Amino acid sequence: MEFQSKLPNVGTTIFTVMSALATKTKAINLGQGFPDFPMNAELVELVAKAMRDGYNQYAPMPGHLPFRETLADKIESLYAHRVNPDTEITVTAGGTYAIYTAFTTILSAGDEVIVFEPAYDSYIPNILVNGAIPVTIPLEYPSYSIDWEKVRAAKTERTKAIILNSPHNPTGAVLSPEDIDELRKLVYGTNIFIVSDEVYEHIILDGLPHCSILRYPDLFERSFVCFSVGKVFHCTGWKQGYCVAPEWLTAEFRKVHQFNAFSCFTPTQVALAAFLKEPAHYMSLPDFMQKKRDLFQDLMSKTRFKALPTHGSYFQIYSYKEISDLPDDEFAKNLVAHHGVAAIPVSAFYQSGKDDKVVRFCFAKKEETLREAVEKLKRV
């Protein structure tokens, strides 16, 4: 039987490979981005209560309305932008699902999408499976900033969208107000859409502002802004997210959503509608994660790895140029096999396999996990 794959060059992701190696060798997994500490006990109890109270059937297709209303209040308090919870917020099965649905909503065969690399691994497959063409632009090593001249040079009449990710995975870079000014110039007078991946919105460090697209009405009118509950509340296994978009785009987004997931897990939505009413539950996250980053940096300063700046997400890039000349994928496999710590080679985030001799560590771990891991890394 003949079959033509839509993603012929896609295999098992590096995250699966490295996590499997970590499990096999009983290594400490600082590779895949998930916490190893418990989530908020109050939120756990609220979910259990929602199930006991009978919230176990389908939620409405756009999501549980009280949850969307609470999200609208949160957005207004953070970004001074009032969105309509009924027509501009859709609850999704995770942030990655929201991004895929946004792309599927707008892309047709032959469309081009500007993607900054290193890029989260779902973006390019999402573009390709819709018959569109990723146009990759490397971020400027080692700052991982955007060269907007390169972006302008890459824009064509076929450019349908640009995807942004701030705070950025895997590098921890964040967009600046100057970046927003350049983005405005780029899209002004065009039909270019913006897909903004903001799943780490509350893990922004060093007192920097989060330049959410929701702050800028002129940009929001052409945007899908995607978020993740799992990243904020240490429950990645929930796969709960949401997409905020203007009414006309939300209507099109929901046409795709209703024939895919249709409806997302109800008890968590009921619980979050209540839990999110207390801003301290998410406003405390930057300080919480910065303490972990600062601890990890202090511990790692005793190793031969060299830190690159991170201002957001729960990842940090480290250079191993002073340690080895191995390609980063071989170095990462050697690290887990012989030193008992899993990391992610950053070349995996480039289509070209660009190798700057850097690996990504996740510092969203218990203090004892970080200390034990670094003791092993001291011997590298």
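Predicted model: local features only at pLDDT ≥ 70, side-chain atom pairs only at ≥ 80, totals over all residues.
Let's begin with strand 10, which covers residues 315–319. How many of its five residues are buried? Five of the five are, so the strand counts as mostly covered under the cut-off of under 20% relative accessible area.

Now turn to the partners. Strand 9, at residues 306–307, pairs with strand 10 in the antiparallel sense over two bridges. You can find this pairing by locating Ala307, which stands opposite Tyr318 in strand 10. Strand 10 also pairs with strand 13, residues 358–362, again in the antiparallel sense, here over five bridges. In that pairing, Phe315 stands opposite Cys362 of strand 13.

The structure holds zero disulfides. Cys362 is in no disulfide, and the nearest cysteine sulfur, that of Cys235, is 14 Å away. A disulfide would need the two sulfur atoms within 2.5 Å, so that distance rules out the pair. Is Cys362 buried or exposed? Its relative accessibility is 0%, so Cys362 counts as buried.

For Cys264, the nearest cysteine sulfur belongs to Cys243 and is 12 Å away, and Cys264 is in no disulfide. Cys264 is buried too, with a relative accessible area of 9%.

Terms used. Residues numbered from 1 in each chain as written. Heavy atoms only, no water. Buried < 20%, exposed > 50% of the residue type's maximum accessible area, 1.4 Å probe, protein only. Helix = DSSP H or I, 4+ residues; strand = E, 2+ residues; numbered from the N terminus. Pairing = 2+ DSSP bridges.
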